[in-house]
Amino acid sequence: MRLDRVDERIIAILGADARMSFADIGGSVGLSPSAVKRRVDRLVESGAVRGFTVVVEPQAIGWTTEAFIELYCRARTSPGEIRTGLASYAEITSACTVTGEADAIVQVRARDTHHLEEVIERIGAEPFVVRTKSTLVLSRLVDQPILAGTADLP
């Protein structure tokens with residue numbers, strides 16, 4: 001599906017506030033509420049929008065420690081094997097295979113450094129992991145949804 005500028009603006013608005021009414025979105029993009037609903041339905045049906053969710057503030061639930069963990073895996077470890085091995089970790093917020101020396105990078109949230117250490121030890125004990133390298137996040141500089149910069153464009 002090819003997105004036009006209006007679709008991009010609708011996605012950006014929903015990314016910032018998925019509870020916004022179709023009428024309010026329509027006022028921002030110059031469409032009627034029913035036209036916005038049709039576009040949103042089409043975006044969902046096409047798979048461009050996978051769903052709507054709640055964004056939890058990690059500090060509000062006490063998960064104030066964030067880190068990125070590089071995984072170095074044994075030879076011939078498939079992305080599927082990594083995905084399966086990491087899927088059950090509540091602390092993992094994202095994981096990606098990457099180019100470079102590491103095979104994958106995992107983003108982790110934890111209560112504190114002790115909790116983070118336990119998570120790193122558990123991940124390191126996965127049968128496909130040879131070693132890990134961790135980087136602790138000190139502060140977030142940019143944290144925005146995809147297309148966030150297009151919400152205010154005419």
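Predicted model: local features only at pLDDT ≥ 70, side-chain atom pairs only at ≥ 80, totals over all residues.
Let's start with the empty space. Rolling a probe the size of a water molecule over the atoms shows where such space is left. The second largest pocket here holds about 220 Å³. Pick out Pro79, Ile82, Arg83, Leu86, Ala87 and Tyr89, then carry on to Ile92, Ser94, Ala95, Cys96, Thr97 and Ala104, and you have its lining. Two elements, α4 (79–86) and β2 (92–97), each give at least two residues to that lining. The largest share comes from β2, with five residues. Sorted by class, the lining of this pocket is made of nine nonpolar residues, two polar ones and one charged one.

Ala95 sits in strand β2. It counts as partly exposed because its relative accessible area is 44%, which falls between the 20% and 50% limits. If you go looking for Glu70, you'll find its C-alpha atom 9.7 Å from that of Ala95, while the two residues are 25 apart along the chain.

Now over to the surface. Val54, Val56 and Ile61 together make a nonpolar patch of about 300 Å². To find Val54, look in the loop between α3 (33–46) and β1 (65–73). Val54 has a relative accessibility of 67%, so it counts as exposed.

Next come the charged pairs. Side chains of opposite charge can pair when their charged atoms come close. Across the whole structure, a search turns up ten salt bridges. Take Arg39 and Asp4: their closest N and O atoms are 3.0 Å apart. This pair ties together distant parts of the chain, with Arg39 in helix α3 and Asp4 in the segment before α1 (5–16), 35 residues away. Asp4 counts as partly exposed because its relative accessibility is 34%.

Another salt bridge brings together Glu81 and Arg74, with 2.5 Å from N to O. How exposed are these two partners? Glu81 has a relative accessibility of 26%, so it counts as partly exposed. Arg74 is partly exposed too, with a relative accessible area of 36%.

Then there is the salt bridge between Arg122 and Glu91, where the closest N and O atoms lie 3.1 Å apart. Here, too, distant parts of the chain are linked: Arg122 belongs to helix α5 (residues 113–124), Glu91 to the loop between α4 and β2, and 31 residues separate them. Is Glu91 buried or exposed? Glu91 is buried, because its relative accessible area of 8% is under the 20% limit.

One last stop is in the backbone. Where is Arg76? You'll find Arg76 in the loop between β1 and α4. Its phi is near 65 degrees, a positive value in a residue other than glycine. Arg76 also counts as exposed, because its relative accessible area is 81%, over the 50% limit.

Methods. Residues numbered from 1 in each chain as written. Heavy atoms only, no water. 1 Å grid on protein atoms, 1.4 Å probe; cavity = no way out; pocket = protein on both sides within 12 Å on 5 of 7 lines; lining within 4 Å. Points joined across faces, edges and corners; volume = space filled by probe spheres on them. Helix = DSSP H or I, 4+ residues; strand = E, 2+ residues; numbered from the N terminus. Nonpolar A, V, L, I, M, F, W, Y, C, P; charged D, E, K, R; others polar. Patch = residues over 30% accessible without salt bridge, like charges linked within 9 Å, V, L, I, M, F, W, Y side chains within 5 Å. Areas by Shrake-Rupley, 256 points an atom, 1.4 Å probe, with all protein chains shown as cover. Salt bridge = Lys/Arg side-chain N within 4 Å of Asp/Glu carboxyl O. Buried < 20%, exposed > 50% of the residue type's maximum accessible area, 1.4 Å probe, protein only.
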